[in-house]
Amino acid sequence: MPELPEVETVRRDLAAALAGAVVAKVEASGARSIRRYPDPAPFAAALEGARLETFCRWGKYLLIGLDTQGVLVAHLRMSGQVLIAGSAAQPRPPHTHVVLDFEDGRQLRFVDPRTFGELFVTTPDLPELAGLGIDALAVDLPTFRGLLRSRRARLKPLLLDQRVVAGIGNIYSDEILWTARLRWYRRADHLRPVEVARLHGAIGSVLTSAVQHRGSSLGDAQYVDLQGRPGAYQERHAVYGREGGACVRCGHVIERTVVAQRSHFWCRGCQR
DNA sequence: AAGCACACCTGCTAGC
DNA sequence: TGCTAGCAGGTGTGCT
């Protein structure tokens with residue numbers, strides 16, 4: 001589900017809602033959500049009594065800095081949601097696996113039907129995230145050029161590779177390629193300089209616009225924000241999920257093909 | 001290095 | 001109406 005814009009929306013809302021909040025109690029009933037811990041007690045102990053101080057994001061990882069020098073890391077994978085509740089009395093959604101109780105009575109809930117997501121507490125140097133590429137909203141053009149120079153990978157798998165640039169998933173890779181007017185199978189090291197610049201510009205413009213519209217929620221509403229509300233960027237998708245529709249730029253029919261075992265949506269009329 | 005197949009899960013939908 | 005196959009926003013591993 002969530003890619004960079006959705007995680008960034010959650011990050012901003014968390015910062016506004018929970019800066020300074022102190023964890024009173026942790027309930028971790030879903031073992032898979034804290035799978036790095038053979039036993040839930042150390043996970044709870046790392047959080048109980050801690051004050052939430054900073055709210056950062058790196059790619060699709062949410063990073064909450066604690067006053068204990070620890071960092072709570074969350075990755076939502078396909079179906080994870082972070083929801084805030086005004087009180088413990090508010091009914092819990094199905095598949096609520098981890099609950100943080102705050103001193104003021106509010107709760108933060110980690111809900112995840114497919115249980116691919118996870119939470120853990122680590123040190124500020126984030127050893128578990130070694131190898132993750134530069135954040136997609138932080139990469140400048142010269143750096144991006146350098147990243148592509150020696151890569152023989154095709155553009156779609158390259159954009160999805162979190163070791164190169166972090167934060168882009170299946171929806172936004174298609175929107176970025178359409179915006180840059182490039183086909184998925186172009187090789188990174190064969191792009192002309194003007195095409196590299198277009199791709200870099202498209203990463204910035206698509207992700208920034210998606211953040212402004214609070215991310216994309218598809219029909220099954222797996223992605224919702226902290227308050228359970230959907231995003232609005234899906235209304236602006238040019239290609240993703242629009243198979244058979246008309247390209248808003250050139251009028252050709254949007255096609256769907258399978259690339260790297262994922263659905264890929266594109267326009268043969270204006271993507272080269 | 002790159003690409004593929006598959007694994008991890010549940011839920012929803014399209015098609016029979 | 002009821003069943004089943006296929007599909008889903010992500011990543012990790014193991015194999016060519």
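In this predicted model, a sugar or linking oxygen of DNA strand B is 3.4 Å from a polar backbone atom of P113, which is a polar contact in the sense of a pair of N or O atoms within 3.5 Å (within protein, one must be able to donate a hydrogen and the other to accept it, and residues adjacent in sequence count only if both atoms are side-chain atoms). Residues are numbered from 1 along each chain as its sequence is written, while chains are lettered from A and ligands numbered from 1 in the order in which they are written. Local features need pLDDT of at least 70 and side-chain atom pairs count only at pLDDT 80 or more, whereas totals for chains, interfaces and linings use all residues; side-chain values use heavy atoms, with hydrogens and water left out.

**DNA strand B**
- The residues around DNA strand B, meaning those with a heavy atom within 4 Å of it, are R32, H95, P113, R114, T115, F116, R151, R152, A153, R154 and Q261, and sugar and phosphate make up 59% of the atoms of this DNA strand that come within 4 Å of the protein.
- A polar backbone atom of R152 is 2.5 Å from a phosphate oxygen of DNA strand B, and a base nitrogen of DNA strand B is 3.0 Å from a polar side-chain atom of Q261.
- The surface near DNA strand B has three nonpolar, three polar and five charged residues, where Ala, Val, Leu, Ile, Met, Phe, Trp, Tyr, Cys and Pro count as nonpolar, Asp, Glu, Lys and Arg as charged, and the others, Gly among them, as polar.

**DNA strand C**
- DNA strand C has 22 residues around it, of which K60, S216, D220, R262 and S263 come nearest, and of its atoms within 4 Å of the protein 54% belong to sugar or phosphate, with the rest in bases.
- Base nitrogens of DNA strand C take part in contacts at 3.0 Å from a polar side-chain atom of R114 and at 3.3 Å from a polar backbone atom of L218, while a polar backbone atom of N170 lies 3.1 Å from a phosphate oxygen.
- Helix 5 (170-180) and strand 12 (262-267) each supply at least two residues of this surface; helices (H or I, at least four residues) and strands (E, at least two) are DSSP runs, numbered from the N terminus.

**Strand 4 and its partners**
- Strand 4 (residues 71-75) is largely enclosed by the rest of the structure, because five of its five residues are buried, that is, under 20% relative accessible area (1.4 Å probe, protein chains only).
- Strand 4 is antiparallel to strand 3 (residues 61-66), with five bridges between them, and also pairs in the antiparallel sense with strand 8 (residues 118-122) over five bridges, pairing being defined by at least two DSSP bridges.

**Largest cavity**
- The largest cavity has a volume of about 120 Å³, and of the 14 residues that line it, L72, V82, L108, F110 and L119 are the closest to its centre.
- Its lining has 13 nonpolar, no polar and one charged residues.
- A cavity is a set of points, on a 1 Å grid over the protein atoms alone, where a 1.4 Å probe fits but cannot get out, and lining residues have an atom within 4 Å of a point; grid points are joined across faces, edges and corners, and the volume is the space filled by probe spheres set on the points.

**D161**
- D161 is found in the loop between helix 4 (155-160) and strand 10 (165-166), and its side chain reaches the backbone nitrogen of R163 at 3.0 Å.
- D161 counts as buried because its relative accessibility is 18%.

Technical notes:
Buried < 20%, exposed > 50% of the residue type's maximum accessible area, 1.4 Å probe, protein only. 1 Å grid on protein atoms, 1.4 Å probe; cavity = no way out; pocket = protein on both sides within 12 Å on 5 of 7 lines; lining within 4 Å.
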